[in-house]
Each structure stands twice: as C-alpha cells, then as structure tokens.
Amino acid sequence: MFTAMRWGCWEPWRDHRVDSAASGGPSSWVLGFEVDAVNSVQFSNHTEAALRRPGPHPMRTWRALQPLRQAHSRSCTCGYSHWKGQVLNSDELQELYDGLKLNSVNQYDYVLTGYTRDKSFLAMVVDIVQELKQQNPRLVYVCDPVMGDQRNGEGAMYVPDDLLPVYREKVVPVADIITPNQFEAELLTGRKIHTQEEALEVMDMLHSMGPDTVVITSSDLLSPRGSDYLMALGSQRTRAPDGSMVTQRIRMEMHKVDAVFVGTGDLFAAMLLAWTHKHPNNLKVACEKTVSAMHHVLQRTIKCAKAKSGEGVKPSPAQLELRMVQSKKDIESPEIVVQATVL
C-alpha cells in the first residue's frame, strides 16, 4: 500500500468534477502523499450557480470578502448554468470501503473529509474513521465541518439541520484537526464570537471536545491592519517532553482578493494536512505555507483568467478554474507572503 517514504491518505469526501482542477487532491499528490480518494459526488463541473435553487452540493469558494474557504452566496449568478452527475450514498460508501478491506489495503495515516449533506453518510464516515484508528492509533483525521456561512451579520446553514448534532457529538470528538469558519465554530460550541478573545475561548472549547488543532479559517472580526484585510485564527495543543500541554495560538491577516473562486476549501484542507505532517508541532509555519501557497495559486489564476477574457471583460467560471498544475512549484515550496502572528 505505501512505503516508509509514502503516507497513505483516504479522502471519503471529495467532489469530483470531470473538467475541474478545483479539488484539493492534486496538492496532496504533489506534496508526496499517496491518496485514495472516494468521490462523495461526481459532477461534470462545479455547481455554484445552481444555489439559486435546491441542490445537493453548494461549493466552497474564495471571495473578495471571505478568506481561506467560504460558501458561495445562494444568490450568485456567476457560475455554470448547468451540471450533471451523481451523489454517493452511505451504502455505496460502505461498499467501497468493504472492497478496500477485502484486499487489505485499508491502511492509512490520514483521513480528510469535507462537504456532505447526508446524515447517514456522515455517521458512516465516523464509523470508518474509528475502525481505521483502531488499526493505526497514530492516524490523523482532518475534518472540514462544512455546514454554513455568515453573510452581512447573519448566519445560515446550507446542509440539513440534523447534521449539526452528528458533527458536534460524533465527528468532532474523533477529529484531530478541524477547519470551521466562524459561523461553524459558533454552531459547534453554541457560543457567539464578537472579539478575538472570544474566538480564542471558542477554540479552547473545541479543543475540549477532541481536536488538538483548530483553525477558524474565516471570521467577521476586524483585522488590526484595517478593513482591507481579513483575519483567521488558529490554535494547536502539543505535549511537551515533561508531559505538560502547550498551546500555540496564531492570527493570520490576508489582503482581500477581488475575485470568486471555487475549490479553495478543498485546496486549503489538503495543504494544511500536508504541511502539518511536515511541521507537526508548528502551526504557525504550517499555516504560513498553506495560506502563502493559496495566495500564489489564486494570483496565477486571476492573471491567466484576465489574459483569456480580455481587457475589461469579466472572466467566465471556466477561466477562473484554479491553476493547480501551473502552480506546482508554489505548492511544493511556497514563498512566504503571509506571516502569522503568535498570540
């Protein structure tokens, strides 16, 4: 399955789009991981335009006013007009995993999950993670608890309400790393965030639920650098040689990006997994490399999209597909352009 120089990673979440490079998987492969990806959905293209009507998969996007990973506005009209494809159900997920077990290839060091809107599917993911952790107690489970978003001061869920107790009671307790946005962190803890101090307290609450690493990937908090910047926060608990618990807390401030992208949530989670593997006890460095790499990918994507659309013409969704392959070197060895502040 994998050698000592390879790390196995199972992704029972990924949204596979035939024409799109939006998924985070390629960045994991570039960074040295052998990835077994299970496509929770398989679509012809990303689907954000379909959010004007009920649909199975609202996509995470990077917006001018939202940093690391956010959901697209339900009123957006900037995406593809049509999409086709299939959604994996819990029975099909179990069948796929049973096939891995029968061939004794279900041996992993990491599991990464993201969007799902089915309660039974999510509960089955938890059962599988627990089984994998019994086989490998050092397995790290990275969870992006995709549930909702906050717009203009008001939060809204875009998955069924019955997923919240599953995340709170089953998923978060078995997760090692979680990447909620501010609204999702508030949902999981039942605590509102108005200040940086309250955000730190919420991350401590999330630590007490299970995960040793928490990254609030986007917030409505005012950045000390002004309104042109966006703030994200992270917290990591590690055990010192003397057995005591040490907590590192960081703040990241990113300049606003005046464009709409799809797939940045997948990309962020995959790269955070990879860089925390390489820097397991240094959240500051892992986040700096993750966010800086994303900056380079997005800037290259904007440049290429504008070159194709022409001067004064708004780039199309196809032109704004993330330039992952062209950004291989930036993903492997990003120049640090976003510095994290240790709190």
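Leaving aside its neighbours within four places in sequence, which residues is Leu164 in contact with?

What we have is a predicted model, where local features need pLDDT of at least 70, side-chain atom pairs count only at pLDDT 80 or more, and totals for chains, interfaces and linings use all residues. Residues are numbered from 1 along each chain as its sequence is written, and side-chain values use heavy atoms, with hydrogens and water left out.

The protein chain has 9 helices and 15 strands; these are DSSP runs numbered from the N terminus, with helices being H or I of at least four residues and strands being E of at least two. Of its 343 residues, 55% are buried. Buried here means under 20% relative accessible area, exposed means over 50%, and partly exposed is in between, using a 1.4 Å probe and protein chains only. Among contacts (heavy atoms within 4.5 Å) with a separation of 6 or more, 75% join residues 24 or more positions apart.

Back to Leu164, then. Leu164 sits in helix H4 and is buried, at 13% relative accessible area. Beyond its neighbours within four places, Leu164 touches Met147, Met157, Leu187 and Leu188. Lys119 is 45 residues away along the chain, yet its C-alpha is 9.2 Å from that of Leu164.

Lys119 brings us to helix H3. H3 covers residues 119-135, H4 covers residues 163-174, and the two pack at about 10 degrees with axes 10 Å apart. The axes are lines fitted to C-alpha atoms, for helices over the stretch in contact, and angles run from 0 to 180 degrees between N-to-C directions. H3 and H4 are therefore roughly parallel. For that wording, angles under 35 degrees count as roughly parallel, over 145 as roughly antiparallel, 65 to 115 as roughly perpendicular, and the rest as oblique. Buried residues of H3 include Phe121, Met124 and Leu132.

Now for a second pair. How do H5 and H6 lie relative to each other? H5 (residues 182-189) packs against H6 (residues 196-209) at about 55 degrees, with axes 10 Å apart, so the two are oblique. Their contact involves Ala185, Leu188 and Thr189 of H5 with Val202, Met205, Leu206 and Met209 of H6. Those residues divide into 6 nonpolar, 1 polar and no charged.

The loop between H5 and H6 holds His194, which is exposed at 58% relative accessible area. His194 and Asp220 are 26 residues apart in sequence and 8.3 Å apart in space, C-alpha to C-alpha.

Two last stops. Helix H7, residues 264-278, reaches 21 Å between its end C-alpha atoms, close to the 21 Å expected; the expected span is 1.5 Å times one less than the number of residues. Because 13 of its 15 residues are buried, H7 is largely enclosed by the rest of the structure.

Finally, Ser104 lies in the loop between helix H2 and strand S6 and is partly exposed, at 46%. Its phi is near 55 degrees, a positive value in a residue other than glycine. Most residues other than glycine have a negative phi.

Technical notes:
Nonpolar A, V, L, I, M, F, W, Y, C, P; charged D, E, K, R; others polar.
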